[in-house]
Amino acid sequence: MRQWIKNPLAILAPEAEGGVVIEDGRIAECVAAGQQPSQPVDRTFDASRHVVIPGLINTHHHFFQTLTRAHPAAINKELFPWLTALYPIWARNVTPETFRMGTRLALTELMMSGCTAASDHHYLFPAGLEDAIDIQVEEATRLGIRMTVTRGSMNLSQKDGGLPPDTVVQDEDTILADCERVLARYHDRSEGSRIQVALAPCAPFTVTKRLMRESVALAERFDCRLHTHLGETIDEDDYCLHHFQCRPVDYLEECGWLNDRVWLAHGIHFNDDEIKRLGHACVGVCHCPTSNMTLASGQCRTKELEAAGCPVGLGVDGSASNDNSNLMESLRHALMLNRLTYDAASVTHHDTYRWATEGSARCLGREDIGAIKPGRQADLAFYTLDELRFSGAGDPLAALVLCGAHTADRVMIAGDWTVEDGRPVHLDIDRLRAEHGAAARRFLESF
Ligand SMILES: [Zn+2]
């Protein structure tokens, strides 16, 4: 079946003003302005009301945190006190049922904002939640969204001088055995794959050095990506200097993590020499502007990182430090925050699109998504400019970012519609709102 997405109002792709032809889940052809597809099509979709961009790709999140948004115990705090306030609440209340609701809600919210591929960094494994990764695969599959599930880990808790309570960490052998299990079961490296697995120790400071190193060995064996938090706060620098007598990037290098399988969340507090080393190793960085502003963590040096050779992607980060999962909103925040770091002329909406699409795809190690080009997967987000906020807008692609687009009118993943008229095709959002709200109530009641 060949489908022509015909004559969009605007499209983020060169030589495609006449739209794109979709066949077998891929982009078969870009159609130049005023032209027709080179071969007959079976179906035509009139996109004249739509601004079409590559599906957005989210490269850092903690889905379960949607259950503790705007939690009174945690608001108005920076990272370490924020974490210390929330850990016991999470430890008591994250069960397979609440976790499933948190995952379903985060994925739905992401997709409705125009996201077609998402990564989640799940590192919390209290007793009973051993199947967390399996639950996430089920939920992503049900919704039709691509996902890089990350098998996170923590094996240093309060008894070892770490931040997390003893009940949410696991021992090294349990973690490594489960990493191997989920890699063998779910990691699909084929073109157009729906599910990939990455390994993701929560932060180099919540796991042992051996676990960091063993994670690299497993990643090489299974050809998967590696992910962790790094360079988020000054507190982290101090912790690292005190415990390891070196800075976080030095420690990362000691663990064998300065390589091109790795993408880091945040990447704020790097000095010039560290940026050079990270770029030389092609380490990716997921910029999380909303979270960084919420927790007052600082400003990622996106431009220097890209110039040094680092892929830079975009992420909403866990919902408790963003309080929503709207990736389109993060483009606007990225634009504004980076203009404070640099200036108005050197950061444009095109930078934010690049981070959220091609840059994020590179962070996840994927060459089959992240751009509207022949041969790429047909992952597309469609927005209208019908809302009041767009009235009077000139440049449609700039308008999505500057006027604050929130909801995609349509989303296509691998050639299939997953959102139509602003609502998910495979899910009832009113029911989801009620079920997730009920699941989240217990996180407030036990506080
Ligand atoms: Zn995070």
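Is F45 buried or exposed? F45 is buried, with a relative accessible area of 14%; buried means under 20% (1.4 Å probe, protein chains only).

## Basis

This is a predicted model: local features need pLDDT of at least 70, side-chain atom pairs count only at pLDDT 80 or more, and totals for chains, interfaces and linings use all residues. Residues are numbered from 1 along each chain as its sequence is written, and side-chain values use heavy atoms, without hydrogens and water.

## Zinc site

The zinc ion has protein donors H60 (NE2), H62 (NE2), H229 (NE2) and D317 (OD), at 2.1 to 2.6 Å. Donors are N, O and S atoms within 2.8 Å of the metal (3.2 Å for Na, K and Ca); water is not among the atoms, so sites may look incomplete. The donor spacing in sequence is H-x1-H-x166-H-x87-D. H229 sits in strand β11 (residues 225–230) and D317 in the loop between β14 (312–314) and α11 (327–341), 88 residues apart. Strands are DSSP runs of E, at least two residues; helices are runs of H or I, at least four.

H229 is buried at 9% relative accessibility. D317 is buried at 3%.

## Aromatic pairs

The count is 11 aromatic pairs. Rings of Phe, Tyr and Trp (its six-membered ring) pair if their centres lie within 6.5 Å; planes under 30 degrees apart are stacked, over 60 edge-to-face, the rest tilted. F45 and F382 pair edge-to-face, 5.9 Å centre to centre, with 90 degrees between the planes. F45 lies in strand β5 and F382 in strand β15, so the pair ties together parts 337 residues apart in sequence. F382 is buried, at 0%.

Methods
Buried means under 20% relative accessible area, exposed over 50%, partly exposed in between (1.4 Å probe, protein chains only).
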